[in-house]
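Subject: A structure for you to explore

Hi there,

Here is the structure I promised to pass on. Have a look around it first, and then read my notes below.

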Amino acid sequence: FDALREALAAAPPPTAIAPPPDAAEAALKGLRRLLEPADGATAEQRRVGADALAALRAPGTEAHVKLLCAAVRRATAAIDAIDRDAAADTAAAGLTRWGHLRVNAASALLQLASTELASVELLERTDGAAAAACVGLLASRAARADAEGVRVGATLLRNLCMPRLSRARVG
């Protein structure tokens, strides 16, 4: 999380047409792999993933979880900036890379919202930032071309809204 925080802090402003920092991409890709063991993963790999998920749900990790929300928002802003610039070379600007960064961060948040209780806790721990990141992703101009990001964002927002007590807080 320190590497992710530093990489996002060093990233160009959201209005700049530039790819994301390599360290941010690597950190989120690794976190997603850890939290979502692949089919055929060993029992040890699954245990390590479950332990990592439990650690992220533990008290005192709110800053880490909010950093995931910030990564989704930052990637959405960068994708929208690239999308608005008709002259931008999308490959050089890192459009696909920002999309991967966003879906990896959103997928980590989705793992944290895998039950109703966990969804309520995620919403409370992020002061609503998890829901706001999803709404921003779904409302962005660039969402029309990002099926995976939309799917993960919509699923996460649905999970956050399922508990009855959370609905008023989200809406």
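**The largest pocket**

Helix 6 provides the largest share of the lining of the largest pocket, with three residues. Before going on, please keep in mind that this is a predicted model. The pocket has a volume of about 150 Å³. To find it on your screen, select Ile79, Asp83, Leu95, Gly99, Arg102, Ala142, Ala145 and Asp146, which line it. Helix 4 and helix 6 each contribute at least two residues to this lining. Sorted by class, the lining has four nonpolar residues, one polar residue and three charged ones.

**Helix 4 against helix 6**

These two helices also pack against each other. Helix 4 covers residues 62–84 and helix 6 covers residues 95–112; their axes are 9 Å apart and the packing angle is about 150 degrees. How do the two helices run relative to each other, roughly parallel or roughly antiparallel? Angles over 145 degrees count as roughly antiparallel, and therefore helix 4 and helix 6 are roughly antiparallel to each other. Their crossing is left-handed.

Which residues meet here? On the helix 4 side you will find Val65, Leu68, Cys69, Ala71, Val72, Arg74, Ala75, Thr76, Ala78, Ile79 and Ile82. On the helix 6 side they meet Leu95, Trp98, Gly99, Leu101, Arg102, Ala105, Ala106, Ala108, Leu109 and Leu112. By class, this contact has 17 nonpolar, two polar and two charged residues.

**Helix 6 against helix 9**

Helix 6 has another partner to look at, helix 9, which spans residues 147–161. The axes of helix 6 and helix 9 come within 9 Å and cross at roughly 25 degrees. Angles under 35 degrees count as roughly parallel, so helix 6 and helix 9 are roughly parallel to each other. The crossing of this pair is left-handed. Helix 6 brings Val103, Ala106, Ser107, Leu109 and Leu110 to the contact, while helix 9 brings Glu148, Gly149, Val152, Thr155, Leu156 and Asn159. Those residues divide into six nonpolar, four polar and one charged.

**A cavity to look for**

Rolling a probe the size of a water molecule over the atoms shows where empty space is left. How many cavities of 30 Å³ or more are there? The count comes to one. The largest cavity has a volume of about 40 Å³, and its lining consists of Arg57, Leu112, Ala118, Glu121, Leu122 and Arg125. Helix 7, residues 116–125, gives the most to this lining, with four residues. What classes do the lining residues of the largest cavity fall into? Three are nonpolar, three are charged and none is polar.

**Helix 1 against helix 2**

One more pair is worth a look. Helix 1 (residues 2–10) packs with helix 2 (residues 22–35) at an angle of about 145 degrees, and the axes are 8 Å apart. This crossing, too, is left-handed. Leu4, Ala7 and Leu8 of helix 1 make the contact with Ala23, Ala24, Ala27 and Leu28 of helix 2. By class, the contact of helix 1 with helix 2 has seven nonpolar residues, no polar ones and no charged ones.

Happy exploring, and write back with any questions!

Best wishes

Note on methods. Residues are numbered from 1 along each chain as its sequence is written. This is a predicted model: local features need pLDDT of at least 70, side-chain atom pairs count only at pLDDT 80 or more; totals for chains, interfaces and linings use all residues. Side-chain values use heavy atoms; hydrogens and water are left out. Axes are lines fitted to C-alpha atoms, for helices over the stretch in contact, and angles run from 0 to 180 degrees between N-to-C directions. Angles under 35 degrees count as roughly parallel, over 145 as roughly antiparallel, 65 to 115 as roughly perpendicular and the rest as oblique. A crossing is left-handed if the near helix is turned anticlockwise from the far one by less than a right angle, and right-handed if clockwise. Contact means heavy atoms within 4.5 Å. Ala, Val, Leu, Ile, Met, Phe, Trp, Tyr, Cys and Pro count as nonpolar, Asp, Glu, Lys and Arg as charged, and the others, Gly among them, as polar. On a 1 Å grid over the protein atoms alone, a cavity is a set of points where a 1.4 Å probe fits but cannot get out, and a pocket is an open set with protein on both sides within 12 Å along at least five of seven lines; lining residues have an atom within 4 Å of a point. Grid points are joined across faces, edges and corners, and a volume is the space filled by probe spheres set on the points.
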